[in-house]
Amino acid sequence: MILNSRLRVELARVVKALDCSLDDIVAGSRLKTIVQHRQAVCYILRMNTGASFPELGIVMQRDHTTIMSSCLAFAKALEADMIWATDLLTAGRSCYKKSEPVDSRHGLVMALCERAFERAVSEAV
């Protein structure tokens, strides 16, 4: 219960940073821009909170396999240097301070993501 309330706060925080509607993110819309924002939210929450896929699924009102698929799709978009993905990641991460603690289980993943993100930004410029 505590984890769900913490994740709900984080979800609202990331959605606000992405300048989109929470209702759109948790609804079933298949509009391309909303799907992209939903994928970004899943990815950012996973990387910054260390929450499991089932935990994220509960908060996002989706099956955990859908969350896994969203995270993978967004990671592939980042890897392919898709401008929309880099822009959404930059906006979504802006709500987090560098000094905020990250779940230690995901320290290595976060370090790898940081390097990939910095590489993508430097190559985009």
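Trainee: How many residues does helix α3 have, and what distance does α3 reach from its first C-alpha to its last?

Mentor: A helix here is a DSSP run of H or I with at least four residues, numbered from the N terminus, while a strand is a run of E with at least two. The expected span of a helix is 1.5 Å times one less than its number of residues. α3 has 18 residues and reaches 26 Å, close to the 26 Å expected. Please note that this is a predicted model, in which local features need pLDDT of at least 70 and side-chain atom pairs count only at pLDDT 80 or more, whereas totals for chains, interfaces and linings use all residues. Residues are numbered from 1 along each chain as its sequence is written, and side-chain values use heavy atoms, with hydrogens and water left out.

Trainee: What follows α3?

Mentor: α3 is followed by G50, which has a positive phi, near 75 degrees.

Trainee: How many residues of α3 are buried?

Mentor: Buried means under 20% relative accessible area, exposed over 50%, and partly exposed in between, with a 1.4 Å probe and protein chains only. In α3, 15 of the 18 residues are buried, so the helix is largely enclosed by the rest of the structure. Y43 is buried, at a relative accessible area of 9%.

Trainee: How many aromatic pairs does a search of the whole structure find?

Mentor: Rings of Phe, Tyr and Trp (its six-membered ring) pair if their centres lie within 6.5 Å; planes under 30 degrees apart are stacked, over 60 edge-to-face, and the rest tilted. The search of the whole structure finds two pairs. Y43 and F74 have ring centres 5.1 Å apart and planes at 50 degrees, so this pair is tilted. The pair links distant parts of the chain, with Y43 in α3 (residues 32-49) and F74 in α5 (residues 64-79), 31 residues apart.

Trainee: Why does the pair of F74 and W84 count as edge-to-face?

Mentor: Their ring centres are 5.8 Å apart and their planes stand at 65 degrees, so the pair is edge-to-face. F74 in α5 and W84 in α6 (residues 83-93) are ten residues apart. F74 is buried at 0% relative accessibility, whereas W84, at 23%, is partly exposed. Y43, F74 and W84 form one aromatic cluster.

Trainee: At what angle do α3 and α6 pack?

Mentor: Axes are lines fitted to C-alpha atoms, for helices over the stretch in contact, and angles run from 0 to 180 degrees between N-to-C directions. α3 and α6 pack at about 50 degrees, with their axes 10 Å apart. Angles under 35 degrees are roughly parallel, over 145 roughly antiparallel, 65 to 115 roughly perpendicular, and the rest oblique. α3 and α6 are therefore oblique to each other.
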